[in-house]
Amino acid sequence: MLTIKDLRASIENEEILKGLSLDIKPGEVHAIMGPNGSGKSTLGNVLTGREAYKVTGGSVDFNGKNLFDLEPEERAREGLFLAFQYPVEIPGVSNMEFLKAAVDAHREHRGEDAISSVDFLKLARETCKEVDLDPSFLKRGVNEGFSGGEKKRNEILQMMLLKPTLCILDETDSGLDIDALQVVAKGVNAMRAEDRSFVVVTHYQRLLNYIVPDKVHVLAGGRIVKTGGKELAEELEAKGYSWVEEEVA
Amino acid sequence: MSDFQQQALQLAGQQDNPDWLAQVRKTGAQQWLKSPWPTRKTENWKYTPLAPLQRSEFQQWAAKTSGWQDRIEFLELDATRLVFVNGEFDADASDSELPAEVVRFGDATADQHAVIAEHLGHIVDSEQHLFAALSNAWASEDGVLVHVPKNGELSKPLYIVHVSTPTGVPATANQRLLVVLETGARASVIEHFASTDDEQDGFVNSLTEVNVGENAELRHYRINLEEENLLHVGGIHANLQRSARLRGFTVSLGSKLKRIDYQINHCGEGAHLDLQGVYLPKNKQFVDYHTNVQHKVPHCTSNEVFRGIISDSAHAVFNGRIHIHKDAQKTLAELSNKNLLTSSKAEIDTKPELEIYADDVKCAHGATVSQLNKDAMYYLQARGISRDEAQVMLSFGFINELLQDVAEPAVRDYLAPRLAGLFSSNKELLQHLQYE
Ligand SMILES: Nc1ncnc2c1ncn2[C@@H]1O[C@H](COP(=O)(O)OP(=O)(O)OP(=O)(O)O)[C@@H](O)[C@H]1O
Ligand SMILES: [Mg+2]
């Protein structure tokens with residue numbers, strides 16, 4: 001599904017990713033943990049093509065395609081999805097029109113016609129229910145005035161509507177109350193499939209009780225410095241990161 | 001004296017001059033003669049070239065034309081409609097039955113003449129506003145009076161449409177509205193300046209004077225969507241009495257010359273102004289909004305929000321003046337002006353001008369000039385939306401924030417798709433915009 005080899009990337013001439021490698025197979029769930037500022041969000045941004053980030057080395061293969069040959073919107077239509085750590089607010093653009101534009105762009109890419117407004121409204125409302133978001137949020141500006149947790153649920157709503165093949169969740173659990181955490185986990189688990197993979201970036205082992213990962217990685221200093229099974233998350237929770245960093249040093 | 005000043009005076013001489021308008025016309029002409037012609041050094045006109053007025057020879061009044069009817073789209077609303085074509089009243093296109101509160105100057109009763117005499121040319125300060133002096137000099141029977149008596153209400157909005165059409169020679173039109181709301185009265189007035197999409201050759205001078213009485217409320221909309229060759233200078237001048245409320249909304253496309261002044265005087269305590277505006281010049285167009293809010297007495301509020309998107313080689317000017325006089329304690333005044341430049345050749349001159357002489361006031365102002373928000377662009381693209389469509393969505397979103405708040409749904413419904421259409425001629429890129 002996704003093969004990252006020796007990826008180097010910088011922002012404002014400061015190298016953040018320093019030779020990161022990662023291989024994700026279809027159907028797998030990978031968790032990435034790591035200290036603040038280690039480059040976890042940078043990885044998501046680089047993969048989805050955010051402009052300010054410069055790739056200075058390495059390669060990324062996404063389902064047989066060189067990811068860096070694709071524009072951000074093409075990557076999305078090919079099935080790459082990032083649930084943002086800090087979703088942006090876009091007043092004046094309604095959530096509804098945004099979601100429909102996104103869904104239609106994916107449909108067009110697959111050679112399908114735009115979904116009818118009636119069908120979409122129905123679909124959007126049902127999906128809202130699944131993430132426990134009141135349908136009135138469809139009428140508001142994109143993320144406008146949403147609470148932290150509502151923004152995160154709106155990200156999951158988008159993921160459910162777009163049905164990507166690779167979903168990167170960047171701290172989707174931060175700022176969620178316990179019920180919302182379960183809603184998100186339930187949504188993710190419902191979407192788990194043989195041909196769909198997840199990268200779950202988190203600081204807390206708790207989420208991984210609900211979304212059980214196949215692999216857990218520690219990202220530190222711009223590289224994956226340790227990989228293990230789900231028990232690694234428990235170990236990190238108990239002991240912090242310093243022992244990993246010492247091991248590597 | 002400039003050529004245009006000379007021509008304008010001659011034009012005044014060609015008009016009928018009813019007795020009851022003689023005084024305002026005479027003082028207007030005198031003031032027009034006295035007013036120095038603005039140059040680049042005239043502060044209020046610094047960025048606003050009047051050269052297009054000087055380039056043509058205006059030697060006649062524009063006459064009413066026909067054949068425009070199926071080329072102008074009206075707003076769809078239940079309203080009293082009055083239509084003027086090139087400044088001249090068009091009875092066929094207007095409602096035949098008018099409510100008692102609304103009258104064309106020429107059809108006014110003696111009582112209404114008295115109201116006109118009391119207010120016309122007296123709300124506006126024509127020493128400060130040269131084109132208001134001209135409007136006075138040009139005053140004619142083709143003006144509109146709205147006079148709502150104490151605690152009365154206009155049962156329907158008044159919808160005034162000013163249609164411009166080309167006449168083959170440079171010609172002028174004068175458009176005049178006087179709104180007088182007595183204590184506790186309420187009204188909603190929409191002024192729609194439209195033209196056929198032909199290349200226009202005229203000059204329009206429009207002036208609206210408003211007196212909002214104690215506790216009265218006026219909603220006023222001014223929509224300028226004329227073709228880009230029309231020259232238009234306009235002004236809205238309002239006095240707000242105690243606890244009066246004026247809620248204004250305006251939108252303008254650009255043209256060779258488009259200048260609109262809002263002069264709002266808070267004359268009575270507790271008066272409130274809400275004013276929102278949108279300007280969208282493109283190509284080589286120009287548009288200039290000058291607002292001037294005078295807080296003369298305590299406990300008044302004003303809230304102004306203007307947004308512009310300037311494209312191509314267009315040029316916009318926004319000048320927002322707030323003057324808080326010495327006695328105007330407890331004033332709350334806010335002014336925000338945000339601009340999006342969508343091309344490297346687009347230009348905006350924005351200037352908030354604050355003069356505060358009272359110490360216990362709250363006054364916030366801000367002006368920004370930027371490009372489309374990169375984070376928002378990326379967010380939309382990261383969901384598969386193309387760059388082009390994302391640009392259209394964000395541009396429209398930027399003005400939609402103001403359109404959403406427009407109280408009269410018919411104004412919103414009319415403007416939203418038309419303004420969105422400015423951002424792309426490709427329907428596919430507009431298909432997801434929601435106009436509600
Ligand atoms: N625009 C920027 N300019 C300069 N440095 C930046 C910029 N954006 C990010 N960085 C830096 O890059 C480093 C990695 O940031 P990143 O957001 O990837 O960390 P993270 O691992 O996601 O941290 P957290 O756990 O706090 O979310 C940080 O040191 C951050 O300050
Ligand atoms: Mg992060």
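**Reading a predicted two-chain model with its ligand**

Trainee: In which helix of chain B is the place of B:Gln31?

Mentor: The element that holds B:Gln31 covers residues 19-34 of chain B. Please note that the model is predicted. The helix of B:Gln31 is α2.

Trainee: Is B:Gln31 buried or exposed?

Mentor: The relative accessibility of B:Gln31 is 11%. A residue under 20% belongs to the covered class. Because its value is 11%, B:Gln31 counts as buried.

Trainee: What separates the C-alpha atoms of B:Gln31 and B:Glu127?

Mentor: Along the chain, B:Gln31 and B:Glu127 are 96 residues apart. Beyond its neighbours within four places in sequence, B:Gln31 is in contact with B:Ser126, B:Glu127 and B:Ala133. The C-alpha atoms of B:Gln31 and B:Glu127 are separated by 6.7 Å.

Trainee: What separates the C-alpha atoms of B:Glu73 and B:Lys150?

Mentor: B:Glu73 is placed in the loop between β1 (60-61) and β2 (80-85) of chain B. With a relative accessibility of 52%, B:Glu73 counts as exposed. B:Glu73 and B:Lys150 are 77 residues apart along the chain, and their C-alpha atoms are separated by 35 Å.

Trainee: With the side chain of which residue does B:Glu73 form a polar contact?

Mentor: Leaving aside neighbours within four places in sequence, the residues in contact with B:Glu73 are B:His192, B:Tyr414 and B:Arg418. One side chain forms a polar contact of 2.9 Å with that of B:Glu73. The partner is B:Arg418.

Trainee: The backbone oxygen of which residue is reached by the side chain of B:His266?

Mentor: Strand β13 (residues 257-266) of chain B contains B:His266. At 0% relative accessibility, B:His266 counts as buried. Among the residues that B:His266 touches, not counting those up to four places away in sequence, are B:Leu240, B:Val293 and B:Cys300. At 3.0 Å, the side chain of B:His266 reaches the backbone oxygen of B:Thr301.

Trainee: What is the phi of B:Asn151?

Mentor: Most residues other than glycine have a negative phi. B:Asn151 lies in the loop between β5 (143-148) and β6 (158-164) of chain B, and B:Asn151 is exposed, with a relative accessible area of 56%. Although B:Asn151 is not a glycine, its phi is positive, at about 60 degrees.

Trainee: What is the phi of A:Glu171?

Mentor: The loop between β9 (166-170) and α6 (178-191) of chain A contains A:Glu171. A:Glu171 counts as buried, with a relative accessibility of 7%. A:Glu171 is not a glycine, yet its phi is positive, at about 50 degrees.

Trainee: How far is an oxygen atom of ligand 1 from an N or O atom in the side chain of A:Glu171?

Mentor: An oxygen atom of ligand 1 is 2.9 Å from a side-chain N or O atom of A:Asn36. Another pair involves a backbone N or O atom of A:Ser41, which lies 2.9 Å from an oxygen atom of ligand 1. For the side chain of A:Glu171, the distance is 3.2 Å.

Trainee: What share of the area of ligand 1 does the protein bury?

Mentor: Ligand 1 has 15 residues around it, and A:Gly37, A:Lys40, A:Ser41, A:Thr42 and A:His203 come nearest. Taken alone, ligand 1 exposes 640 Å². The share buried by the protein is 65%.

Trainee: Which helix gives the largest share of the shell around ligand 1?

Mentor: The residues of this shell divide into four nonpolar, eight polar and three charged. The largest share amounts to three residues, from an element of chain A that covers residues 40-48. That element is helix α1.

Trainee: What is the area buried between chain A and chain B?

Mentor: The contact involves 35 residues of chain A and 23 residues of chain B. Carbon and sulfur atoms give 59% of the buried area. The area buried between the two chains is about 2400 Å².

Trainee: Which three residues supply more than any other three of the area that chain A buries against chain B?

Mentor: The size of an interface is often given as the accessible area lost when the parts come together. On the side of chain A, three residues supply 22% of the area buried against chain B. They are A:Glu73, A:Gly92 and A:Glu97.

Definitions and conventions
Residues numbered from 1 in each chain as written. Chains lettered and ligands numbered in written order. Predicted model: local features only at pLDDT ≥ 70, side-chain atom pairs only at ≥ 80, totals over all residues. Heavy atoms only, no water. Near = heavy atom within 4 Å. Polar contact = N/O pair within 3.5 Å; in protein donor to acceptor, adjacent residues only side chain to side chain. Areas by Shrake-Rupley, 256 points an atom, 1.4 Å probe, with all protein chains shown as cover. Helix = DSSP H or I, 4+ residues; strand = E, 2+ residues; numbered from the N terminus. Nonpolar A, V, L, I, M, F, W, Y, C, P; charged D, E, K, R; others polar. Contact = heavy atoms within 4.5 Å. Buried area = accessible area lost by both parts, 1.4 Å probe. Buried < 20%, exposed > 50% of the residue type's maximum accessible area, 1.4 Å probe, protein only.
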